[in-house]
Amino acid sequence: MSPATKTKVRFTIDGKAVSAKAGETVLSAAKRAGIEIPALCHQEGTPAWGACRLCLIEVKGADKLQASCATSVADGLVVHTQSKRVRAKRESYLKMYLSDHNAYCEAPCSSACPTHIDIPAYLSEVASGDMAAAAAIVRRELPFAGIFGRICPRYCEPVCRRGEVDDPISICSLHRAAGDHAPAALQTAPSTGRRVAVIGAGPAGLSCAWYLTETGHEVTIYDTNEKPGGMLRYSIPEFRLPEKVLDRELAPLFDAGVRFVDGVALGHEVTVEGLLDAGFDAVFVGVGAWHTAPSRIPGNQVVIDSLDMLRKVREGKKVRLTETVAVIGDGTAALDAARSAQRLGAKHVTVLARRDAASIEAGARDHAAALEEGIDFEYSVEAKRVKIARGRASAVECVRLVRDGGKPREQRGSRFDVPATTVISAVAYVPDLGESDDELTLSAWQTLEANYYTGRTATPGVFAAGDAVTGAKSAIHAIAGGKRAALGIDAFLRSEDLEQVEGKLALYSGLPYLDQLRDADQLGELGQRLAERSPVWLKMGSAAEPAKRATMPKLAKEKRATEFVEVEKGLSVAAAKAEAARCLQCVCPSLGQCDLQKLGVEYAITANDLVVPGGRVRDVEPAYEHPFIRRDMNRCISCGRCVRACRDVAGPACYDFTGRGFTIQIDTPYHESLQLATCISCGRCVTGCPTGALTFNQRVLQGYRVDESRCILCHQCVDVCPVNALVETNHFETARQRWLELVAQGSQLAGGHRMCAGCGAPIVVRQVLMGTSDPVVVAGATGCLEVSTTIYPYTSWKGSYIHTAFENAAATLSGVETAFRSLKKQGKLEDNVKFIAFGGDGGTYDIGLQSLSGAMERGHHMLYVCYDNGAYMNTGFQRSGATPIGAWTTTSPVGKAQAGKIQNRKDLTAIMIAHGLQYVAQASPHDPRDLVRKAAKALATEGPTFLNVISPCPRGWRSDGAESIELARESVNTCYWPLFEVVDGEYRLTYRPRQKAPLIPWLKRQGRFAHLFKPGNEEALANLQAWVDHEWQKLLVKCGEPSEEEWQEHLHSHGCLL
Amino acid sequence: MATAISRAARVERALERATKADGHISNDAGRELRICAGTACHASGRLAIKKAIADELERHGLSDQVAIVETGCHGFCQQGPIVVIRPQGIFYPQLKPRDIPRVIEKSVLGDEVAEDLLYRDPVSGDPVALEAEIPFYALQRRLVLALNGKIDPHSIRDYIAHGGYRALAKVLAEGDPEAVIDLVDASGLRGRGGAGFPAARKWRFTRATQAERKFLICNADEGDPGAFMDRSVLEGNPHSVIEGMLIGAFAIGATDGYVYVRHEYPFAVERLRIALDQAREQGLLGPNILDSGFDFDIRVNQGAGAFVCGEETALLASIEGHRGMPRPRPPYPAVSGLWGYPTNTNNVETWANVPWIVNNGTEAYDAMGTGTAKGTKIFSLTGKVTNGGLVEVPMGATLRRVIFDIGGGMLPGRHFKAVQLGGPSGGCLPERLLDTPIDFESLIASGSMMGSGGMVVVDDTTCMVDFARYFLKFTSEESCGKCVPCRVGSARMLEILDRICAGQGEPTDLDRLQTMADDVIEGSLCALGGTAPNPVLTTLRYFRDEYEAHVLEHRCPAKVCRPLIRYTVDADACTGCHVCFGACPVNAISGERKQAHVINQKLCTKCDTCRQVCTFDAIDVDTGVLAVAEGRAS
């Protein structure tokens, strides 16, 4: 077999012998052999592109690395795709890509938040000013946005990526703003008839109750205290969480029908068994950890319990403190106790923290607040003994702790005393279970045993979460636990196998990140909600400009020393919007489908020395104007697959490269919107995109109906339909043919007339005359058109033309038409002849109205066309009935007494409709197909018909003659001159602007309205807009069209974002 | 054999007819005034000189007797505008219109020289009258440039009279394409565009591919800053390129030719178009060339000036009407090039070598050059050298010979520091490598490359970090942006150099530059990226001390990097003449007359004007930590 005809070759790839087709590339041969070579730029169906440089391989015998997309297989070729050298280069190029990739995969804030709120989503709503939408997003995961916006230790903020640019976003304060500015209402699903008892009205219980109620279960909450809230109400001081905020935030829960039973303690008044026996389908235990564990410190008999103290303060009871106070512990309660002690009059308050300054248990927010208020800290110490003198505490003996990796140990010889006459302890809390402790399984730390994901305990139907399970932790963890348990309970009540769900989740959480992304679908709905991912944070560039973080307005320092008034005052809406706008929105719609991300994770680009502050990064405004395709080219890696897929595979060539070198970008021609770039919406660019630069818009697809009355036969829909769902019908083809014939038959009005440059009238006449191929008899009322087209001895009219006086064009023509009918009846004439009268608005609205009315009423077979230029233009711009309100004319002058015309325009079209004509329409010369179609319709109608056509007049409108057609178009888009037709009394809008344009730009282009923009004429301007709005609304009703709001909604829901 | 003989006779007859074309014929023994009409001399005023000469000749009634010939570039561009007077061969450089009456009087009417207008040897200061005796010319070996400065590029007759199209006739008469390839192979001609690929081997590949059409391209997209060899050849002797292409086309079997030339070369384009028209008129281009039955025509394609379009595949894309972006090889253009047809590309200088080889044989060619590099090479010598211009020397000549013997060495008081060879993609060699012979392999070994022949000489006033940054900025901006190492890698390297020049470099930056350079070289799709880091690598290799001074001491030894320098007035030397006071564009200098002046460091933009205007050498430029600290503070 000669090499030329040989069809199979054998070569070695990564030590594996592979056979391939002759002429095939290594890349495709490897793929078939199951060896994946990374390739970001290769586009099937197009020649090797060779840009991404990730498909480089080592070929035996070649010095340089070769691109596998361009290397053909050959017998005996030896290829290495994963050698150290190749991998090192790939790593280097991935770093280059990512350093220029102004985007991120996943938001670390959402991951860090125990409740996993979709933080970027709600920040985006806050930035747009929609606080209600923002709050709704928060409440999907955290019911009490206002409470936690005040007290949360903010795990989200230290990890915020904005910190790489300047300072992290004030995420927490922003959900407080959302909560404060948008009060909650708990929407409940239809009742399931199931009953759940929640024991404990703290954060865990309340959260659990909220989500259970939302799903339609009936919930009863039991608590020992008089009011719901638990630690939120009885431990957190007023200066952090005002009681009225707490009440406001909890109200929706009880408004939704949740029962609250006070004075009931687990193990005392009720037991779990008892509740289940009493008919509850499930029981949730969220009793918190209120009980101080037996302290082993000598001298503990004089120590005050922090929770007792905080509760007394909240209840307004007297708490006696001395001047020097030491607080043992560094959790939230410890810091709250310390700050309260100061407000109660203590002069020196020292917190004895086991942790170091950077990792105070209560979190940076409270730590900073305490420091600001002058609380002293001893970090990394352990209290060993409380020294007592004369029955009272005198000091706390401490040792310093050293941490070297593992457990902290005592530093030898570091004993020291912290003087304190009052000692408050805030350590080691356990749940108080009363007599129920033998109903429930306890851990070695005396907390409840329950599954992390579902809160399921060993007892069927019994669930637990919150501090009772975890020991004293931040309330946000309890909220998250309560929510998970609610989901678990709901699943249990629907008889789902929770053990199976938990098993899957345990397995899932052990998977590497990419596998987690891939396997997320297999978890099922509940599993997905409960799953917690462990993302890999790739290091990427950012082009964000530094912008200052919002400062939280705070209570004056001096007041803070004495008053229990809320310290943080909250952000204003404006401040919140600005702060939320700083969010980098570091989430990607292509998460998990992105090849760059996949490779970034595989090559572990978590550190990237190419990302340096001030380094150049791609920075492009995202374009979301296309109904299907979202383009965020900040994520683009210039691989050009979309360019080639569109140009070489699909055909339209919507994209190409612009710029060069580092500034290369992929864009549409002239940066126009994608729709205008002949896009056929085939989506090949999106499916080929290896990153999240091109993604599909989420939208609900519906069927479409063509409104033939509005079709202008432009053929564009047929051309662009990617699936040939639209085809030319015979009717369509005929109509199109007809249009082309009309265009070809030429104009019946010759050039060389003396009309002004830019006058609308001759354009109107030509288009009207295109409506028929029959011979035409025209009568012209005195006016610009008549005067300038028939200057003796010349005429521009190719057909018969009758001069007539100003006021009687209609009457004259009706006589001619009668004569014609008579002659035809007598058999003296056989031709079909059409009769058209042209009049300006003066000759039509005013002077000729009675003759017009008579002719119409008598039912002559004629068309009357009014070219409405809004005044008597040829005689020197006197106002007519058609002159709009506010417009200047010589008889509606502008001065002290009046600003242009005082009256509204007469609605002549309505008057003609009232004559009961078979066909009346309004048209505009900017849209010839519409105008010609209407003229043709009118002329084909047996009987009198009327067309009112707007006709810009550069002289009288004081406008630029070159802009006349544009002005006509705008008159339609502003709805000043709507295009519609009335057939036998049926109104039909023939064109509806996507968005009703404001009147002002149109007015500004006309000198006759110039005075309206001077101070003092605001009212006239407003009157004109109001009149247009009113008339438009009236017309919409007549046409059976949706209102402007409904129309926008309709367009939006159909994906039209133009 | 009857047909072979008649074929040769037919070709001979056809060429004979072509010699009768219209146009001037230059004659060394005739009375002629040759004015250089190259771009450089044009810029320095050759039109005014031409008019002055015409007026003067008319005044003396000599218009009919003395011819004015506008020739191509003479190569000694620093000395323009240049006029050479025949038959004596007197060379007048840097003429002004007011000098013309004296030149005519002395050297045309009389047989003398206007001594004060003559070229002076930079070393001895002695005047040199004859062109042939000027060391700049005397030490060159002009083969491709032989007729430059001699013949009228607008006249095909002139070219033919000087032996032009003889080589083509010979090849067509013999009618054996393989023999032509063998001849070129034996001569050892290697591509002059940069890579030095053996021309004949490429021709053979293209010849071997079966196709109904084959393309042949002359790459005249000379994009390197400071390079103008190709332009000068096209401007001065376009027919030599056309003849070379014709011979190549015959050998390869090409049917269509293109000259891809920069839009920025208007004279070259104009003269090339005239030459093509003339060749077509004389039956040297188009169907049945010289009655031999061989058809070939050449079109001119003007590029828009993208550096990357000099890369073969990007050039092809550009001719096809696409964005000039390289593509991976294979397929090689010899197999699938322009519009998918086999295509052979060589640059201007390569094609211009071909007729000489055919006329003079391989032995004469082989006699010039080294073992692996034959023939001559043209360099455009620019920078801080005394005699800048076009230099054609045999391969293997040393850098020292070109820069010092021909180029006249450094400007007075300055010291040689480095030479950048091969344009922005080449490398920067230090003084100790001046004896490197110029051939492909030696230059590659030194970290540089032949490139297309740019040679930029710099002295001790140049900062090598800044110099490398300049070239990298050029290549980074000229990158097409297609592949990531070149697009992002070179931009990131440039950012590092920017930081170093701003005194914000870190010691680790040098290693990082080195690794990134390797990554960019290894991974780039085409030679633009594959060579872009060369200036950085060679300066890191030969001038590492300067990098270290910037990074470790925040000092720019050449006192060029503005953030690292500071201008002060030496109070002892300053006479208070007030000149700098007036010259400072930002009013940063204050001081009373006859008293020492002071520079306000906050206002100073380090524009160097004061130092340039000071006649007392009283402006000091410092560099060091202090300057950086101040720079940062401001």
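Student: What should I know about the conventions before I start?
Tutor: The model is predicted, so local features need pLDDT of at least 70 and side-chain atom pairs count only at pLDDT 80 or more, while totals for chains, interfaces and linings use all residues. Residues are numbered from 1 along each chain as its sequence is written, chains are lettered from A and ligands numbered from 1 in the order in which they are written, and side-chain values use heavy atoms, with hydrogens and water left out.

Student: How confident is the predictor in chain B?
Tutor: Chain B has a mean pLDDT of 92, with 98% of its residues at 70 or more, where pLDDT is the predictor's confidence in each residue, from 0 to 100. Where pLDDT is low, the predicted coordinates should not be read in detail.

Student: And what are the scores for the model?
Tutor: The model has an ipTM of 0.91 and a pTM of 0.77.

Student: Switching to rings, how many aromatic pairs are there over all chains?
Tutor: The count is 38 aromatic pairs over all chains, with rings of Phe, Tyr and Trp (its six-membered ring) pairing if their centres lie within 6.5 Å, and planes under 30 degrees apart counting as stacked, over 60 as edge-to-face and the rest as tilted. One of them is the edge-to-face pair of A:Tyr452 and A:Tyr453, at 5.4 Å centre to centre and with 80 degrees between the planes.

Student: Are those two tyrosines buried or exposed?
Tutor: A:Tyr452 is partly exposed at 45% relative accessibility, whereas A:Tyr453 is buried at 12%; buried means under 20% relative accessible area, exposed over 50%, and partly exposed in between (1.4 Å probe, protein chains only).

Student: What kind of pair do B:Phe215 and B:Trp339 form?
Tutor: B:Phe215 and B:Trp339 form a tilted pair, 6.0 Å centre to centre with 55 degrees between the planes. B:Phe215 lies in strand E7 (residues 215–220) of chain B and B:Trp339 in the loop between helix H13 (312–319) and strand E11 (343–347) of chain B, so the pair ties together parts that are 124 residues apart in sequence. B:Phe215 is buried, with a relative accessible area of 1%, while B:Trp339 is partly exposed at 44%.

Student: Which charge lies over the face of A:Trp49?
Tutor: B:Lys482 does, at 3.5 Å from the ring centre, the rule being that NZ of Lys or CZ of Arg is within 6 Å of the ring centre and within 35 degrees of the ring normal.

Student: What about strand E3 of chain B, what covers its faces?
Tutor: Both faces of E3 (residues 83–86) of chain B are covered, with B:Val83 and B:Ile85 on one side and B:Val84 and B:Arg86 on the other, all buried. Strand E1 (residues 32–36) of chain B pairs with E3(B) in the antiparallel sense over four bridges, given that two strands pair if DSSP finds at least two bridges between them. B:Ile35 has B:Val83 as its bridge partner in E3(B).

Student: And on to E4?
Tutor: E3(B) and strand E4 (residues 90–92) of chain B run antiparallel and are joined by three bridges, and in their hairpin, which has three residues between the strands, B:Gly89 takes a positive phi near 85 degrees.

Note on methods. Helices (H or I, at least four residues) and strands (E, at least two) are DSSP runs, numbered from the N terminus.
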